[in-house]
Structures are given as C-alpha cells and as structure tokens.
Amino acid sequence: MVHSHLTFENPPALPHEVVVETLERALRDRAAEGEAAGVLVGSALSDDDVEFVEHWCVQVGTRAVPGSPLLGLAGLCLGHTARRFGRLSDEALALVESLAARAEADPSDVDGRAVDGYDDVRDFLHLW
C-alpha cells in the first residue's frame with residue numbers, strides 16, 4: 001500500500017517588484033487571482049517591511065471586485081500583519097473591519113476569511 005502525505009508550505013515572500021507586478025495584474029485580470037493569492041500570503045507571513053505589506057493588503061482589499069476571493073484574503077492577511085508587527089494603520093483597521101462586516105452580510109461578496117482576519121486583528125491588537 002502506498003501512502004501519500006500532503007504537506008503545505010507557506011509561500012515565500014517575493015521581491016517587491018514581483019509582488020507589485022503580480023498584484024496589479026490580478027487587480028486588472030481575475031484570471032491572475034490564484035497567483036496573486038500566494039504572493040499576498042507570502043508577503044503577509046514573511047516580508048519584514050510592514051509598510052509595504054500593509055499597503056498591498058489595503059490596495060487589494062479596496063480595489064478587488066466584489067466577489068473576488070482576494071477581498072477575504074486581504075482581510076486575513078491584515079490579521080497576519082497585526083499578529084507579526086503588533087500594529088496596523090487606521091486605514092487598515094477600518095478596512096479589515098469593513099471587509100469583515102461585508103463578509104457577515106454577504107459571503108458571496110467577501111468570503112469568511114475576512115472575519116477570521118478581523119478576529120486576529122482584535123486579538124493581537126487587544127481591541128475587544
């Protein structure tokens with residue numbers, strides 16, 4: 001009998017110019033959203049430039065079209081950013097709260113990962 005073991009590895013942080021190009025392409029062309037998701041997660045989990053990470057989470061979370069999986073992912077990645085750096089800008093806080101509210105109101109608009117991200121933000125920034 002053959003056993004296969006599935007492993008998951010977090011995507012790496014990529015050079016900023018690659019991140020920008022990939023995310024900009026995905027914001028213009030939904031066919032590129034899958035690649036963009038890995039790029040955004042890799043930045044949120046591993047890039048040490050908090051301003052860059054937060055900026056691109058906010059860009060994606062404000063510019064992706066309704067129903068895009070990138071909206072929920074932007075909220076989740078802001079949660080990762082709050083956990084890693086212990087802070088978010090007022091703009092990012094307002095966005096993650098808004099994305100979570102949209103997800104609760106209509107999961108076909110923003111998926112539930114935005115709620116998870118907002119929970120993380122409240123936990124790690126002690127906003128309860």
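Helices here are DSSP runs of H or I with at least four residues, strands are runs of E with at least two, and both are numbered from the N terminus. By that count the protein has 6 helices and 0 strands, and its elements run α-α-α-α-α-α from the N terminus on. The radius of gyration (taken over C-alpha atoms) is 15 Å, close to the 14 Å that the globule rule (2.2 Å times the number of residues to the power 0.38) gives for 128 residues, so the protein is as compact as a globular protein of that length.

Please keep in mind that this is a predicted model, in which local features need pLDDT of at least 70 and side-chain atom pairs count only at pLDDT 80 or more, while totals for chains, interfaces and linings use all residues. Residues are numbered from 1 along each chain as its sequence is written, and side-chain values use heavy atoms, with hydrogens and water left out.

**The whole protein**
- Along the principal axes, the C-alpha atoms fill a box of roughly 50 × 35 × 30 Å.
- Of the 128 residues, 44% count as buried; buried means under 20% relative accessible area, exposed over 50%, and partly exposed in between (1.4 Å probe, protein chains only).
- Taking contact to mean heavy atoms within 4.5 Å, residues 24 or more positions apart account for 67% of the contacts with a separation of 6 or more.
- There are 10 positive side chains (Lys and Arg) and 23 negative ones (Asp and Glu), with His and the chain ends not counted.
- The centres of these two sets lie 2 Å apart, placing each charge at NZ of Lys, CZ of Arg, CG of Asp or CD of Glu.

**Helix 2 and A36**
- A36 is part of helix 2 and counts as buried, at 0% relative accessibility.
- Leaving aside neighbours within four places in sequence, A36 touches T22, L23, A26 and L70.
- From A36 to S108 is 72 residues in sequence and 20 Å in space, C-alpha to C-alpha.

**H126, after helix 6**
- H126 sits in the segment that follows helix 6 (113-124).
- This residue is exposed, with a relative accessible area of 67%.
- Phi of H126 is near 55°, a positive value in a residue other than glycine.
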